[in-house]
Amino acid sequence: MDKKRVLTGLQPTGVITLGNYIGAIKQMIECQEKYDSILFIADMHAITVPIDADTLAKNIRQLIALYIACGIDPKKNTIFLQSENEYHANISWMLECNTYYGELSRMTQFKDKSKKSANFTAGLLTYPVLMAADILTYDTDFVPVGIDQKQHVEIARDIAIRFNKKYGDTFKIPEPLIREEGVKITDLQDPTKKMSKSSENQKGVIRLLDDVDVIRKKIMSATTDSVGKINFDVDNQPGISNLINIYISLKNKTKEEALEEFSNSNYGNFKTAVADVAVNELKKIQDRFNELIDNKELDDILDAGREKTRMIAKEKYDIMKQKIGLRR
Ligand code: AMP
Ligand code: TRP
């Protein structure tokens with residue numbers, strides 16, 4: 001039987017964190033074994049809010065290189081840039097004309113983001129339709145996303161169902177694949193908060209491209225407590241528990257194994273062990289990243305992804321035009 005297709009988009013906003021790596025990328029790497037997987041950089045979604053052009057361009061290339069460096073295998077995934085496949089915007093337009101202003105204006109993300117500025121763009125409103133185009137173009141079965149994007153996959157389903165009803169069977173109805181709330185990595189300085197890309201205090205956040213000495217320093221100065229013993233107790237020892245999570249996720253060990261291993265350790269020794277593992281893992285990723293970032297290999301991967309997805313998208317685009325009546 002043919003493999004089911006999964007598709008996911010990543011917005012090129014800033015360098016990803018150790019939290020993203022442990023919480024999302026590791027699951028994506030598991031996905032690539034099971035599914036026919038399409039992965040793209042949602043750069044056109046990134047311009048729905050103000051972003052500096054050079055920063056955006058840098059983020060795009062970095063993000064692709066970083067994902068591959070983390071273990072996303074270009075042989076097992078089709079990888080491309082959304083903006084290099086012009087059919088997405090064209091298909092999005094046709095879908096927009098089959099989507100209601102009312103349903104878009106009720107989207108939670110739109111309501112939140114539009115509140116932040118008096119002058120938000122029309123793109124912020126139509127964002128979910130472009131996302132629907134991304135998904136529906138490829139007859140996607142599953143869309144792995146974080147819980148915040150679930151509503152957008154649901155509107156993609158609504159749009160597909162409506163279009164199929166009006167024009168006859170055209171799109172497969174996709175299912176969201178909500179990323180399990182796996183381990184949540186917390187901020188090293190305030191371990192009751194999620195480690196987040198947008199956090200203001202840099203000391204609490206490990207980014208995958210941080211200098212390894214900085215990574216070590218951040219872990220060594222992570223907030224702990226005055227208990228003095230290594231326990232997994234999120235309520236009373238959130239900092240230590242977070243470091244245990246980092247350790248076991250990177251080492252593929254169980255909590256029990258880690259607790260046994262560090263039963264006689266003090267916080268200094270324990271932190272050194274966590275720092276060693278993190279530095280070792282991220283150093284490997286960074287070395288591969290550095291090989292890739294200015295290399296033609298990266299462009300070859302993106303060129304191949306663009307050609308393959310443009311072919312698939314053109315087919316869907318032509319079918320849609322015929323059905324809608326956009327013909328001579
Ligand atoms: P974000 O960077 O918030 O857009 O998150 C992208 C994905 O990374 C989310 O869907 C989560 O699955 C994962 N993620 C982000 N931050 C963390 C974290 N601190 N711990 C675990 N997973 C995370
Ligand atoms: N909106 C998604 C996010 O911010 C990114 C995205 C764009 C996406 N198009 C997609 C995700 C299609 C899954 C499928 O995370």
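Modeller: Let's start with Y127: in this predicted model, one of the polar atoms in its side chain sits 2.7 Å from a nitrogen atom of ligand 2. D134 also places a polar side-chain atom 2.7 Å from a nitrogen atom of ligand 2. An oxygen atom of the ligand is involved as well, lying 3.0 Å from an N or O atom in the side chain of Q11. As for cover, ligand 2 would expose 360 Å² if taken alone, and the protein buries 90% of that.

Stepping back to the whole shell, there are 14 residues around ligand 2, and the nearest are Q11, Y127, M131, D134 and Q149. By class, the shell around ligand 2 comprises eight nonpolar residues, five polar ones and one charged. At least two shell residues come from each of β1 (5-10), α7 (122-136) and β4 (142-145). Of the contributors, α7 gives the most, with four residues.

The structure has zero disulfides. For C31, the closest cysteine sulfur is that of C70, and the two sulfurs are 15 Å apart, so they are too far from each other for a bond. For a pair to count, the sulfur atoms would have to be within 2.5 Å. C31 is buried, at 16% relative accessible area, and C70 is buried too, with a relative accessibility of 8%.

Key: Residues numbered from 1 in each chain as written. Chains lettered and ligands numbered in written order. Predicted model: local features only at pLDDT ≥ 70, side-chain atom pairs only at ≥ 80, totals over all residues. Heavy atoms only, no water. Buried < 20%, exposed > 50% of the residue type's maximum accessible area, 1.4 Å probe, protein only. Near = heavy atom within 4 Å. Polar contact = N/O pair within 3.5 Å; in protein donor to acceptor, adjacent residues only side chain to side chain. Areas by Shrake-Rupley, 256 points an atom, 1.4 Å probe, with all protein chains shown as cover. Nonpolar A, V, L, I, M, F, W, Y, C, P; charged D, E, K, R; others polar.
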